[in-house]
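Take a look at the model below.

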Amino acid sequence: MRAGGKDNIMKLATKLGLASALVALPSMGLAQDAVPGVDASSDSIFIFNSLLFLIGGFLVMWMAAGFAMLEAGLVRSKNVAMQLTKNISLFAIAAVMYYLIGYNLMYPLGNWSVGSDETGGYLGAFGVAVLEAVGVGRDAADDYGYASTGSDFYFQLMFCATTASIVSGTLAERIKLWPFLIFTVVLTGLIYPIQASWKWGGGFLDSQYGFLDFAGSTVVHSVGGWAALAGALILGPRIGKYTKEGRTVPIMGSNLPLATLGTFILWLGWFGFNGGSQLAMGTVGDVADVSRIFANTNTAAAGGAIAALILTQVLYKKVDLTMVLNGALAGLVSITAEPLTPTLGGATLIGAVGGVIVVFAVPMLDKLKIDDVVGAIPVHLIAGIWGTIAVVFTNSDATIGGQLISIIIVGAFVFVVSGILWFILKAVMGIRVSEEEEITGLDMAELGMEAYPEFSKS
Amino acid sequence: MRAGGKDNIMKLATKLGLASALVALPSMGLAQDAVPGVDASSDSIFIFNSLLFLIGGFLVMWMAAGFAMLEAGLVRSKNVAMQLTKNISLFAIAAVMYYLIGYNLMYPLGNWSVGSDETGGYLGAFGVAVLEAVGVGRDAADDYGYASTGSDFYFQLMFCATTASIVSGTLAERIKLWPFLIFTVVLTGLIYPIQASWKWGGGFLDSQYGFLDFAGSTVVHSVGGWAALAGALILGPRIGKYTKEGRTVPIMGSNLPLATLGTFILWLGWFGFNGGSQLAMGTVGDVADVSRIFANTNTAAAGGAIAALILTQVLYKKVDLTMVLNGALAGLVSITAEPLTPTLGGATLIGAVGGVIVVFAVPMLDKLKIDDVVGAIPVHLIAGIWGTIAVVFTNSDATIGGQLISIIIVGAFVFVVSGILWFILKAVMGIRVSEEEEITGLDMAELGMEAYPEFSKS
Amino acid sequence: MRAGGKDNIMKLATKLGLASALVALPSMGLAQDAVPGVDASSDSIFIFNSLLFLIGGFLVMWMAAGFAMLEAGLVRSKNVAMQLTKNISLFAIAAVMYYLIGYNLMYPLGNWSVGSDETGGYLGAFGVAVLEAVGVGRDAADDYGYASTGSDFYFQLMFCATTASIVSGTLAERIKLWPFLIFTVVLTGLIYPIQASWKWGGGFLDSQYGFLDFAGSTVVHSVGGWAALAGALILGPRIGKYTKEGRTVPIMGSNLPLATLGTFILWLGWFGFNGGSQLAMGTVGDVADVSRIFANTNTAAAGGAIAALILTQVLYKKVDLTMVLNGALAGLVSITAEPLTPTLGGATLIGAVGGVIVVFAVPMLDKLKIDDVVGAIPVHLIAGIWGTIAVVFTNSDATIGGQLISIIIVGAFVFVVSGILWFILKAVMGIRVSEEEEITGLDMAELGMEAYPEFSKS
């Protein structure tokens, strides 16, 4: 569990407790070596695993910058400072909420508030995250006996923050700052960790439905997408986005180099996102799997970008850069549920389907008058669903039933709870800026500053 | 020593010399393992430690880009190309000066020019840095027998460069290029290494005063801040920043996405800055500590950002993005003197105080008519002092007396020497551009180019 | 071989086959340890080596973003969206082509289509890249028994992509999108891998000429430069770049912060480029060498930047930021052929010569009316040749004859094949946009979008 596919080993460790897990680990290494190699020592395994979390974690942290740049590049210049404010603030909020509530809610280690490991866990444990004492290392509170708690906490936190980053893009250019931040508090403290516990904490989707989601096409990306969708429906489209006659008015992003930079950052960070979700690299087999995941993740992004490149040329006779960027991201989301078992060719195709999805889903959303400023719903929700289903093509442990029911359960939970929350926020404090403020731009109206004060607007 | 808290081990290694250090290391690993684990081999320990320096080093190198983007985003567009020129040039100068003089001045390994390990070291050794022969590895000149000299040199160099980066922001928009670069030569070749040797080279602040500064709240950040403050006082404020009536005129940064990107880069790089300063990850205890440091560093930044977010809303009824950015950075500086011993909650609070400091210190400096273009003095100097004092709250080895006297000694040394140097530069060649050039902007006046030649100025 | 200097070990492994390579590796570690150290286990060595490829690989991947930002910053705003489209598309194409054809063409492991290991290999094997089965690890298809195939594939792919990135900058602002992308298909699928096999695949330049090129001054950088040069000659200069009287009209980049960011990204990525090319870090000697390479790479960049800084001040009385940026990059290219054997001082000088080359070569190309928009030919081709020659100064295994003949053979092959390809593309579909489209800008003409739609043009 955690963000990965090592369910059996982890579950074993959870059940047996820490002491026996310490014993279990070395033999795990042995089992993977048929040839006469010399195992890494148990210390080295611990270090390698922790190091994977640290490297993976800082790469996923970097994705927060990627989202910030992507979104700042795709909104109009009058809303850029606000979009930046939201992105850095949500990352900070996620860090604190995941520490205060999220981590133990997501990983109850069997101490479920509602349910149990045997009958299915539904609501995890409450309490702040506590890291082991300084310099004590493995013999104390280290989780599962296989890596330091601190490295695990750091890594998992970044996934929680990613979920929040997804929401901000869809709702840009019209949502007020503080209601958005309050939503983020609940999303990162409760909504994300609770549903994540169902799979990665060993809860009922994992134990009863055999749900497989290696690094989070559903658990992270679609969750962000559902929360964004609920917000977009309640918030309504931006002024001027759809004419009375039902026509969609394209609203161009103000800074495409920033959007491209953001995409490259996300592409880079995704190696940590998917590769780190192997959760171990202290054996030959594990590091070989991490390597495979890196290669598959890269080629899926390439497949998504190329699909969008060719498809926009064919459909519109002109390549659309923002579609190519979103195509690459959709390729990444698509491979996230299972980056390990596909071949390179399979991964390329899975990613390419993601790119195709984006090209068709963006105008489809516009027909439904759902205004998604950066295309986060096609990229993270729809491609996320696709990726979760695609697991069955390459991993025989997955069942189409288990995948679909899990997608539905997670989706219904997140969509309904988010919707209720958005409604409450709307009723209590209002979630949308005034028409005048929206036309002026959120930067001057809410922040009193401009992102580019010297570049005159055309 | 070096940039970290491993004073005893390091000191031991220095005194015993290389051969015995080789023997000492494995047992160090053993001491930390009470459970029946298998130690990493001594080769693996060496490799892990060196790898930490390499990863930490490239992350800190990346901070140079962060400072460049932060500063380029916070100056007016007419001075952006100059700010970029200063940033890339100072990084290159730091690399060469640290190689030519700094490294051995900072780490004399007992060969003090003035003083000794026993009575207190005051001035290190002179000579260029020499790395061990190719492929020879541990059996030759490897420092302390625990990591490759090259990795250590690479890592420590980046801290020296960071110090120089801090200065450029404060003095932006009015200082001439070449005097600034000459100052950088002296700062990176002499001022930084000499004072750093007092603590991290095992000099008198370390041996006589028990000064603790894990990763450099004082040794790096406040040093940059003091040098910047001396320069700001001698240089004077920008034209138009303060009216004759004593009012402060806000001068907005030209590109807030760049400033935000710079902040995210610095946030990312800081994991290397603080985590790498553990100086070892070849044992279970060390990697667990590095992990804890990563987690604490992140949450301190979050605390600083959230404090500034809430405080600017409360005080000014509007969130101020640049304050949030500087709040995050102040949180990072605050946790840098002791990122290991605080709990997650403690680290969040230490960082939050940093954020509060920034919100109050920025207008306070303006009242004093000290013109600090990017807020580097509040962030690096004042929060750096706070962080250095805060060590006593969580680390019982620190004394308030030892911390305060060290802050004062380092501050006095850097401020006085920097001040003298700025005066000499002012007398000899002038340090400020002419009034006309300042109004025109340094880009056209000094470089003859524009950063954004096509974007008309409003 | 591969991208590095470990020719003998690799060749041995290739010839003996995988099984015996497994046995050979541990003794390799032993040979490097004269002191009584304890070797890392064979598993640890495998993991460390794979990890080097993964870290090195993601750093080199990041260089794709660096090229994109550098080029987007150095073209006029009317061509920025197109430049971004080319950069992300070429990276995606490289990923797929290298998988479909390139990898096995470059590393035939003795199965040459033309030639043999003994008489000299000329054309590698055809077939898609296949990674080993999940979780199997070392005992199956792992290459050379020393690192996972996936990590190696991932790492080497990034070098292929880098080559393509170099071409796009030179030909910016006038080449059509699709011919450029078709050229990229051939460059990354055939041209790059074939010539790279001659050296890094153990082909005739390696076996017959003793050619040394550690990380690719020739194999990567000059190859990109030759392909770009052929394109620039056939494409011709941009409208307005050279007057009828033969005067060069400076065309300024539209966004120098982006160009500077790109340079910093490339500088950072280069640690992976050169450091990863050690191809191993599982022994004390290897990690010490990787460390040395990091330090030398950094100081060479610094040398190049400082040389350009001083030289533009002396020659033109004004520092030229874009020259400083290109100076740093030229320093990096210069050290790439041999980043290990020079001392820190030697590396600084080698890089400084690269910086000098740039300052003189840029106006020289203009005199020849070769319009290289971003200076890629001076940086990657001319400094690449310099770096390849400079190997003989510090590595006694290199001969001036072997280096020169290899430079010429690779250059002739790439220049001629690229030239033919550009001619065919010109004849079949045209490679240059119409005069009207060029004046309008490629963004509106070819893509129908603007990179900065709100910033009015001055």
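Does A:Asn79 count as buried, partly exposed or exposed, and at what relative accessibility? A:Asn79 counts as buried because its relative accessibility is 0%. Buried means under 20% relative accessible area, exposed means over 50%, and partly exposed lies in between, with a 1.4 Å probe and protein chains only.

This is a predicted model, in which local features need pLDDT of at least 70, side-chain atom pairs count only at pLDDT 80 or more, and totals for chains, interfaces and linings use all residues. Residues are numbered from 1 along each chain as its sequence is written, chains are lettered from A and ligands numbered from 1 in the order in which they are written, and side-chain values use heavy atoms, with hydrogens and water left out.

Stay with A:Asn79. It sits in the loop between helix H3 (42-74) and helix H4 (80-106) of chain A. Helices (H or I, at least four residues) and strands (E, at least two) are DSSP runs, numbered from the N terminus. Set aside the neighbours within four places in sequence, and A:Asn79 is in contact (heavy atoms within 4.5 Å) with A:Glu173, A:Gly441, A:Leu442 and A:Asp443.

Now widen the view to chain A. Its secondary structure comes to 16 helices and 2 strands. Of its 458 residues, 70% count as buried. Take the contacts in chain A between residues at least 6 apart in sequence: 78% of them join residues at least 24 apart. The accessible surface of chain A is about 12200 Å². Carbon and sulfur atoms hold 68% of that surface. Such areas come from the Shrake-Rupley method with a 1.4 Å probe; for residues, only the protein chains shown count as cover.

One part of the surface is a nonpolar patch of about 680 Å². A:Ile182, A:Leu233, A:Phe415, A:Val416, A:Ile420, A:Ile424, A:Val428 and A:Met429 make this patch. Patches take residues with over 30% relative accessible area and no salt bridge; like charges are joined within 9 Å, and nonpolar side chains (Val, Leu, Ile, Met, Phe, Trp, Tyr) within 5 Å. A salt bridge here is a side-chain nitrogen of Lys or Arg within 4 Å of a carboxyl oxygen of Asp or Glu. Helix H14 (residues 400-428) of chain A gives the most to the patch, with 5 residues. A:Phe415 is found in helix H14 of chain A. At 30% relative accessibility, A:Phe415 counts as partly exposed.

Turn to chain B. B:Ala64 lies in helix H3 (residues 42-74) of chain B. With 5% relative accessibility, B:Ala64 counts as buried. Beyond its neighbours within four places in sequence, B:Ala64 is in contact with B:Asn87, B:Phe91, B:Ser165 and C:Phe264. B:Ala64 and B:Leu266 are 202 residues apart along the chain, and their C-alpha atoms are separated by 8.2 Å.

Chain B also has a strand pair. Strand E1 (residues 114-116) and strand E2 (residues 120-123) of chain B pair in the antiparallel sense over 3 bridges. Pairing requires at least two DSSP bridges between the strands. B:Val114 stands opposite B:Leu123 in E2(B). A hairpin through 3 residues joins E1(B) to E2(B).

How are the copies related? The copies use different surfaces: 16% of the contact residues of chain C recur in chain B.
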